[in-house]
Amino acid sequence: MFSLSKSLERPKRRELLVFSIYIFFFTLVYAIMMRARFSVDSYANYYVTDGGIQNLKLGRVANYVLLSILNHLNINIVKWQVVFTVLFVFALAWSANVLYRQMASYTSNLQPKEKLFLLLAVAIAYTNVSILEWFLFPEMAIFWACTVVTVTGSIYWFFREGHWAKYLISFGLLCMALSFYQAAIGFYVVIGTSAILIKNDMQVTKETVKDYLIYYAIAGVACIITIETLDILVNLGIVPLTERSPSFDISVVFSNILKVLKAQKTIWWDGM
């Protein structure tokens, strides 16, 4: 009985250790951001007393709801930016811990050195220019934290053992994540694509293809719902149509695809 109890405690200790390592590492990396600072948007958000119509214009309905609640509680997101930035760093550490455990569960025979490499590989996903950019908007820290938590939850539920219900939960969490910040879809796709390969021993099998089809279907439908939600808000006259409003117009879609393709040379060749 005693030995069983100890064996159950060990995974929890390892989990806590990994979580602590990520908290320590991310705190070192982003420590300079854990201080009061201001972006141009900070001054605009400082005086917002409702949910901010701009959030609805951008299709960030969850942001609008959360900001309305915070303002009702007299919690100013600019004044509370340091607290929310700390919460954001904790959210990153929690997310990294969840994904590390998920990846490690598919590779149970890893040697200590290989586990260290996996630990660092996951850390890199959270310490790069893309994530750093989020810290440049301190007033958004609480929304970034919610985005990270929900998109991580979506990935976690997709890879859980179970039947179709887990896919519905994953889909719901992804829709919520995109309602906070649409760019979360990039994180979802990149992490999931890697995890599916690792899960299937880096082999392209029927199971691999099945996982990809379901995973990308969830991503695609979630994106469509996000776009349609904004379209509904525009049609109801709640928000005006702007240049940044999404569109399914063929000419617009084709133009955007061309822009993405043209940008590839700059990204991969010129390194910018």
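This is a predicted model: local features need pLDDT of at least 70, side-chain atom pairs count only at pLDDT 80 or more; totals for chains, interfaces and linings use all residues.

Reader: Which kinds of secondary structure element does the protein chain have?

Author: The protein chain has 12 helices and zero strands, so that, read from the N terminus, the order of elements is α-α-α-α-α-α-α-α-α-α-α-α.

Reader: Why is the protein chain called as compact as a globular protein of its length?

Author: For 272 residues the globule rule gives 19 Å, and the radius of gyration of the protein chain is 20 Å, which is close to that value, so the chain is as compact as a globular protein of that length. Along its principal axes, the C-alpha trace spans about 65 × 45 × 45 Å.

Reader: Why is Thr-150 called buried?

Author: A residue is buried when its relative accessible area is under 20%, and Thr-150 has 8%, so the word buried applies to Thr-150. Thr-150 lies in helix α8, residues 141-158, and, apart from neighbours within four places in sequence, Thr-150 is in contact with Leu-173, Met-176, Ala-177 and Phe-180. In the protein chain, buried residues make up 37% of the 272 residues.

Reader: What makes a group of residues a nonpolar core, and which residues touch the most other members of the largest one?

Author: The members must be buried residues of nonpolar kinds such as Leu, Phe and Tyr, joined through side-chain atoms within 4.5 Å. The largest such core has 60 residues, of which Tyr-22, Phe-26, Phe-88, Leu-92, Leu-174 and Tyr-188 touch the most other members. Helix α5, residues 81-105, gives the largest share of this core, with 10 residues. A second, separate core has five residues, among them Leu-56, Leu-230, Leu-233 and Val-234. In soluble globular proteins, nonpolar side chains tend to be buried together.

Reader: Which residues does Phe-26 touch, not counting those up to four places away in sequence?

Author: The residues that Phe-26 touches are Ala-31, Val-89, Leu-92, Ala-93, Ala-96, Ala-123, Tyr-126 and Thr-127.

Reader: How do you know that Asn-74 and Met-202 are exposed?

Author: Exposed means over 50%; Asn-74 has a relative accessible area of 70% and Met-202 has 55%, so each counts as exposed. Asn-74 is found in the loop between α4 and α5, whereas Met-202 is in the loop between α10 and α11.

Reader: What is the phi of Asn-74, and what is that of Met-202?

Author: Most residues other than glycine have a negative phi. Asn-74, however, has a positive phi near 60 degrees, and Met-202, which is not a glycine, has a positive phi of about 60 degrees.

How values were computed:
Residues are numbered from 1 along each chain as its sequence is written. Side-chain values use heavy atoms; hydrogens and water are left out. Helices (H or I, at least four residues) and strands (E, at least two) are DSSP runs, numbered from the N terminus. The radius of gyration is taken over C-alpha atoms; the globule rule is 2.2 Å times the number of residues to the power 0.38. Buried means under 20% relative accessible area, exposed over 50%, partly exposed in between (1.4 Å probe, protein chains only). Contact means heavy atoms within 4.5 Å.
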